[in-house]
Amino acid sequence: MSDQNLQPIFQIQRVYLKDLSLEQPNSPAIFLEQEAPTIEVTLDVAAEPLAEGIVESTVTVTVTAKVKDKVAFLVEAKQAGIFEARNIPQEQMDPLLGIGCPNIIYPYLRSNVADAISRAGFPPIHLTEINFEAFYQQRMANMAEQAKLAAEAGTADAAATTH
């Protein structure tokens, strides 16, 4: 019986669109522009525990399209999932939340963003595939660098002036 209880468990409980906002501050005039818009995309991943063995993972994306200096549209979407994760070693939990869960959620987010943009009257933008493993590694490296800089700043003011 105890062997059964220690089996790792990972299950999707629910995937849902948590937040979606669309702004078109320069419509309808922006539709008359002939120039193709420049697209800027920012992405973020977060996870937070909801209960024992239950966690919510979210992927947030902001897509901004500009023609010259005017915003054509801005879409911000937050796709989330509730996952059951039990009996998983701690060293595997962070990658699961930073890589595994976002990989499951992201296709839903891509679809919702493309749909919102096309409903706004623009050609849909299909977000590129994301390598969440590389994204996770980069976030870990950035956090380590920030911690190192904070430690240096805290130990000596001279260290901050030598950069």
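A salt bridge here is a side-chain nitrogen of Lys or Arg within 4 Å of a carboxyl oxygen of Asp or Glu. By that criterion the structure holds 5 salt bridges. This is a predicted model, in which local features need pLDDT of at least 70 and side-chain atom pairs count only at pLDDT 80 or more, while totals for chains, interfaces and linings use all residues. Residues are numbered from 1 along each chain as its sequence is written, and side-chain values use heavy atoms, with hydrogens and water left out.

I begin with Glu56 and Lys18, whose side chains meet in a salt bridge at 2.9 Å, N to O. Glu56 lies in strand S3 (residues 54–67) and Lys18 in strand S1 (residues 9–23), so the pair ties together parts 38 residues apart in sequence; strands are DSSP runs of E with at least two residues, helices runs of H or I with at least four, numbered from the N terminus. Glu56 is buried at 6% relative accessible area, whereas Lys18 is partly exposed at 43%. Buried means under 20%, exposed over 50%, and partly exposed in between, with a 1.4 Å probe and protein chains only.

Within helix H2, Asp115 and Arg119 lie 4 residues apart, about one turn, and their side chains form a salt bridge at 2.8 Å, N to O. Asp115 is partly exposed at 33%; Arg119 is exposed at 68%.

Finally, Glu84 and Arg86 are joined by a salt bridge at 2.6 Å, N to O. Here Glu84 is buried, with a relative accessible area of 14%, and Arg86 is partly exposed at 29%.
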